[in-house]
Amino acid sequence: MQTNFSSEQLADPNTASSNQVLRTCVHCGFCTATCPTFVLLGDELDSPRGRIYLIKDMLESGRPATEEVVRHVDRCLSCLACMTTCPSGVNYMHLVDHAREYIENTYTRPWHERMLRNVLQLVLPRPALFRMAVLGARVARPVRRLIPRGSVLGDRVHAMLDLAPARLPPSSDMQSPQVHKAEGTRRGRVALLAGCAQTVLAPSINEATIRLLTRLGIEVVIARGVGCCGALTHHMGRHDPAMASARANIAGWTREIEGDGLDAILVNTSGCGTTVKDYGFMFRSEPAEWAMQAERVSALAMDISEYLATLDYVPTREAPGLRVAYHAACSLQHGQRVLTQPKALLRRAGFTVVEPLEGHLCCGSAGTYNLVQPEIAGRLRERKLANIAATKPDLIAAGNIGCITQLSGGVPVIHTVELLDWMAGGPAPVGLPAAVAVPA
Amino acid sequence: MIAQPPPKADIIARRPEIIAGLRALVPASGLISEELRLKPYETDGLPAYRQIPLAVVLPETTEQVAAVLAFCHKNGVRVVPRGAGTSLSGGALPMADSVVIGLMRMNRILDIDYGDRCATVQAGVTNIGITNAVSAEGFFYAPDPSSQLACMIGGNVGMNSGGAHCLKYGVTANNLLGLKIVTMEGDVLDIGGAHLDAAGYDWLGLMTGSEGMLAMVTEVTVRILRAPEGARAMLVAFDANETAGRAVDAIIGSGIIPVALEFMDRPAIHACEAFAHAGYPLDAEALLIIEVEGSVAEQDDLLGRIAALCEPFHPISLRVSQSAEESIAIWKGRKGAFGAVGRISPDYLCMDGTIPTGQLPFVLRRIGEMSDAYGLKVANIFHAGDGNLHPLIMFDANLAGNFEHAEAFGADILKLCVEVGGCLTGEHGVGVEKRELMRVQFTDIELDQQRRIKSAFDPDWLLNPSKVFPLVDMPVTAMPGTAMPVAA
Amino acid sequence: MSAALAPAHESGVVEAILAARAANEPLLIQGRGTKAGMLRPVQAARGLSTRNLTDVSLYSPQELIISAGAGITIPDLEAKLAEGGQGIIAEPPDLSALLGTEGVQTLGGVVATNLSGPRRVAWGAMRDHVMGVRAVNGAGEVIRSGGRVLKNVTGLDLCKLLTGSYGTLAVLTEVTLKVLPRAELTGSLLLPGLDAVQGVAALSAALGSPYGVSGAAWLPADAAERVPELAGRGAVAVVRIEDFARSVEYRLGRLTTDLAVFGTPVLLDDGASRAAWRAIRDAMPLRAEPGDAVWRVSVRPSNGPAAITALEATGARCFLDWGGGLVWIAGPPALHDSVMATALAGRGTWTVLRAPEPMRAAVDVIPAEAPALARITRRVKAAMDPSGILNPGRLYAGV
Ligand SMILES: Cc1cc2nc3c(=O)[nH]c(=O)nc-3n(C[C@H](O)[C@H](O)[C@H](O)COP(=O)(O)OP(=O)(O)OC[C@H]3O[C@@H](n4cnc5c(N)ncnc54)[C@H](O)[C@@H]3O)c2cc1C
Ligand code: SF4
Ligand code: SF4
């Protein structure tokens, strides 16, 4: 597509790369149909092609972002279904990341939004604060009736309270920096990103991952200094905190790579995996040393299912006869294009895997999306749950904590890796349907 | 660059009043009037042409469409219907004084009847959406434009869209049973139904391919078909376009009509392979994708016959797809062909002429010569069974004058298509792009005849009036009211 | 009426129309006049026939295309196509026996009436295969639409508008058709003893199968008796497959299994099958007494049984084609109201194919259009035939 940037504008590396993205787009409109917000709202402005156009116009004009552009860009889930669909290879992710940063730098949001975003940015990436916040929400739950719905702020508070789990599991020390030795002969050495919110909401995921890997002869390192991947702030357009998180992680892993070496950097929250795989791009204009290290980290990053698929995973328990609806997290299917491995592993583990219709559509979780856009997120959740229900599953398996939280409430939602660990000798995951007789 | 007719000054002047009037007719989120938010509606799948409309409305019901049309009719406001905006001929390009009516919110499936093999859907349902809704029962909606993921059935009716499998199953027109339409005056009419061949004039046929100039479509009843037992594709590669062309003649001449018979030339093969990794032979000059249907034994039988028919033309390779995944990859490459060209070139113009199939080698040779003369690369995709040729002209819109150059090249190709006995457009429609070329194919008398038919539906020329017909002497004023000029 | 003009060239058609227009005298547009008794009678000073426009200007079998003058007879056209092993896809019926007309129908006549046979249900109507036309409008202008290629969306599709317009908009002088190879083999499967409801259910199952059924009819016992290949078994549902020999055998086998719930089928071989379908095509199963009227009603296929039941109760004779969607009806002209009511109840359409002239002039021979559509009809008629001289009143009174 034709673009109109001046040579001064193109001197900025972000603009130059966005120009490249825009030039690749041929405006064919294929992507509109698989975009969740277009499907729900039926307005080109809430479609990838419309957003690309709005962003193009915003960047070309060089003017500060306006309320209209912000509204439509904010509604984007960053689910990246559009990238899967696009035949021309348009990197929408890089374009929208740039747009978000541009918006953050040139647009002043209303105070309540700023506050909300500040709180999220502060709390979510920090497990200790997050734990306190969730406990606070539990306290607040009984008084929610007092908070009026209908106002932007009120609705969001409700959204937060709705999502906060009623009960938090005890924290786990397996997630703190340490080396988990392989059982038997060591066949590999990997780093595991323990994550931020996940360590609080569901430490069992990391525990299962570590058990499963060590049992398969893999040494698992929780590297010192590694914390939040930075995705949260990155998607809010907050460049500096995002880069700071990423930098800390790159440093932590580089020590391991250059020390005892790493075969892979594993991520079991696919939302984070997409970002870690993008470090190379995020650091492309940083000093060479950093750029190289970031590139190396990205090259080693793998989703847990991608890595497991390369090992000889064999179940040790008898197949439990469960129908598992596989929910493909967007970050996994669109962001990382990991499509077949989780399903193949679940089948290998002895589950009957079913795939709901409209599998390409986001469940509405999308990082903090369900907190900042509760209305659309809620509609997507309903739609997703209805499609899942139609497959009459006993369980839902997903590879991303965000989706797990978003979809929970009815049919149990369990991380793929917990199911795999269970079948290979680990404990039965919490939340299995009561009727399931846990095989010994 | 094709010019747009001048906007009506009085309409532009009355913009606030018109927008206020529209506001009362559709839900609040369904009216777009701020310039910034109108911008993404300024173009469609032919982004070289752009024009910000007066306003965009997104109605949700037929009643709302009727109210908006009646309002625009009363106020003399021009209207441009829009589906998914994937038109490659600028069919959905707005005019400065026009209201764009987008039907993407009308995306519900209303009725599916497997016994009577038909489905009724709103105009904003995507083409693939129909197939998806019936595939669990083993049915499908046959016309399959490459854009089927996104394009909407209303737009398909507007353009009479076709696809790779139309050789056997026909184009949109052959797969429709009924329409609900709204005239410019706001009258809601049912045409056809779930039965075949309504008596009276074939409004269904006339509406199909009328590019939004006669009435707006809000509901469509289509035929759905039971999917075949199976299908398999075969790739046959040749070292020259001529031999591939002769192989096509031999196949059709033998009495075999494959469900699809697609041709790609060397640049197209390379672009598509880079995108789909389908294992297309990169050493070939011409590649045929031939698909047959039926039971495995029937497929084997037909593929065997076709292979034998190709043999005398010494194919350099011949590969039968071995699995469903392989077939999907083969079609992914073909259906993503346009986008794949978008990977190797920042911009492309997709031509859509039809030629008598026997003329293919000659036409490709001429296109090659023109490509050298214009200094622009071109990749050719050809629905070989029915003669529909898609030369994709690659250019760079950021280079001044490059688009105009590409457009001139495209016009030369289309003139060539008409010269050899073909036509300007096989499935993408005339739109704004080929408007001025209509004179190459039709006499003034013929164009006037078509214009008079448009006037019969839309006497004031308010519905998508800047499309299809050459603008010069556009009879907007020459044909007021219903008084037909008597041609003598 | 003075003798019909029958020019040998298109220019003669132009002259005739210009002259008629100058004299403001309506013309009766005809091929060989075999369909003059269909729909409304035309009050015309003169006839204009295309019977002498018989040239085949193009036949390219490997391009599946033939262009011929509107006056070529259907048998001549079929003979020409047989040279390339091909045929007319929509299988137009020859209704001369049923309508009691003489002579052979022409291509122009079949196209102008959009008359299609049993294959219509799977492969489309005449209108689906008209790729190009040359015609002369009521102002004496030569109009071309479409062309000689299979895919063409250039401009408004006047081919479709003119097909089925009964010569009221323009006089077709040349038609270009898409044609297809003739099937190597035809086979049929007969399910005896089914009533209309079960019969149509069987047809629907067959048409909804993946086996490419190209004909699906149900005949009550008396109608089946009139077709030797189908006689002696009571009411029958009959389904046709046309394809390469191996496919026909295989598909009939599969259908036999899939349709087992409807009974044990009888298979017809190629010869019997072709004969039976020719009879169905030409509506031979329908017995029309000399004073009878004949109608075709097209409804949603699942409404076919109700339609036939309602009509038989009034004394009409009927049978069903097109999977139950096409009801052939013969009976006293007085049944017209019942026929209309039945078609409306089935949310469909009707056509009077034969009836005494006074009745044809008096009733709605096809359904009247909604007022807004009727307005468009009048305007389109005026857009093509400004003086209203081509077959005036043929479809609707005053149009
Ligand atoms: C990459 C690519 C590949 C394509 N491949 C094919 C192909 O293989 N075959 C093919 O035939 N086409 C193809 N197309 C062209 C295009 O997709 C079709 O023309 C399609 O039918 C347009 O549908 P739409 O919903 O996008 O309509 P739009 O582009 O929005 O509109 C198309 C036309 O129809 C009119 N219209 C839209 N909706 C209505 C309505 N409800 N009532 C009345 N008029 C209406 C518009 O005014 C316009 O004139 C392709 C396009 C792209 C970008
Ligand atoms: S990332 Fe998802 S929500 Fe955003 S534009 Fe793409 S498809 Fe739509
Ligand atoms: S699919 Fe790709 S090329 Fe097409 S409009 Fe969307 S982003 Fe652009």
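Trp322(C) is buried, with a relative accessible area of 3%. The model described here is predicted. In it, Trp322(C) sits in a loop of chain C, between strand 15 (317–321) and strand 16 (326–331). Most residues other than glycine have a negative phi. A second case occurs in chain A. There, phi of His27(A) is positive too, near 60°, and this residue is again not a glycine. His27(A) belongs to the loop that runs between helix 2 (13–24) and helix 3 (36–41) of chain A. With a relative accessible area of 1%, His27(A) counts as buried, because that value lies under 20%.

Chain C also supplies a buried strand residue. Thr176(C) is part of strand 9, which covers residues 170–181 of chain C. Its relative accessibility is 5%, so Thr176(C) is classed as buried. Its surroundings come from several parts of the chain. Beyond its neighbours within four places in sequence, Thr176(C) contacts Ile65(C), Ile66(C) and Ser67(C), among others. Further contacts of Thr176(C) include His129(C), Val130(C), Met131(C) and Gly132(C). Gly147(C) and Arg148(C) are also among its partners.

Helix 8 of chain C spans residues 196–207. It has 12 residues and reaches 16 Å from its first C-alpha to its last. This is close to the 16 Å expected at 1.5 Å a residue. At the start of the helix, a side-chain oxygen of Asp195(C) comes to within 3.2 Å of the backbone nitrogen of Val197(C). The buried residues of helix 8 of chain C include Ala196(C), Gly199(C), Val200(C) and Ala202(C). Towards the end of the helix, Leu203(C), Ser204(C), Ala206(C) and Leu207(C) are buried as well.

The chains do not all meet. Two pairs of chains touch, and chains B and C have the most contacts of these 2 pairs. Chain A and chain C do not touch, and their nearest C-alpha atoms are 21 Å apart. Between chains B and C, 98 residues of chain B are in contact with 84 residues of chain C. The area buried between them is about 7,000 Å². Carbon and sulfur atoms give 56% of that area.

Polar and charged pairs also cross this interface. There are 14 salt bridges between chain B and chain C. In one of them, the side chains of Arg300(C) and Asp116(B) meet at 3.5 Å, N to O. The count of residue pairs in polar contact between chain B and chain C is 34, with both residues at pLDDT 80 or more. On the side of chain B that touches chain C, the elements giving two or more residues include strand 5 (109–113), helix 9 (241–253) and helix 11 (296–310) of chain B. Helix 17 of chain B gives the most to this side, with 9 residues. The residues of this side of chain B divide into 42 nonpolar, 33 polar and 23 charged.

Over all chains, a search of the whole structure finds 82 salt bridges. Side chains of opposite charge can pair when their charged atoms come close. Within chain B, Arg232(B) and Asp300(B) form a salt bridge at 2.6 Å, N to O. This pair links distant parts of the chain, with its residues 68 apart. Arg232(B) lies in strand 12 (residues 231–238) of chain B, and Asp300(B) lies in helix 11 of chain B. Arg232(B) is buried, at 15% relative accessibility, whereas Asp300(B) is partly exposed, at 41%. In chain A, salt bridges that share partners join Asp74(A), Glu104(A), Arg109(A), Glu113(A), Arg117(A) and Arg238(A) into one network. Within it, the side chains of Glu104(A) and Arg109(A) meet at 4.0 Å, N to O. Glu104(A) is partly exposed, at 21% relative accessibility. Arg109(A) is buried, with a relative accessible area of 6%.

Another salt bridge of chain B pairs Glu42(B) with Lys39(B), at 3.7 Å, N to O. Glu42(B) is buried at 4% relative accessibility, and Lys39(B) is partly exposed at 22%.

Methods:
Residues are numbered from 1 along each chain as its sequence is written. Chains are lettered from A and ligands numbered from 1 in the order in which they are written. This is a predicted model: local features need pLDDT of at least 70, side-chain atom pairs count only at pLDDT 80 or more; totals for chains, interfaces and linings use all residues. Side-chain values use heavy atoms; hydrogens and water are left out. Helices (H or I, at least four residues) and strands (E, at least two) are DSSP runs, numbered from the N terminus. The expected span of a helix is 1.5 Å times one less than its number of residues. Buried means under 20% relative accessible area, exposed over 50%, partly exposed in between (1.4 Å probe, protein chains only). A polar contact is a pair of N or O atoms within 3.5 Å; within protein, one must be able to donate a hydrogen and the other to accept it, and residues adjacent in sequence count only if both atoms are side-chain atoms. Contact means heavy atoms within 4.5 Å. Buried area is the accessible area (1.4 Å probe) that two parts lose on being put together, summed over both. Ala, Val, Leu, Ile, Met, Phe, Trp, Tyr, Cys and Pro count as nonpolar, Asp, Glu, Lys and Arg as charged, and the others, Gly among them, as polar.
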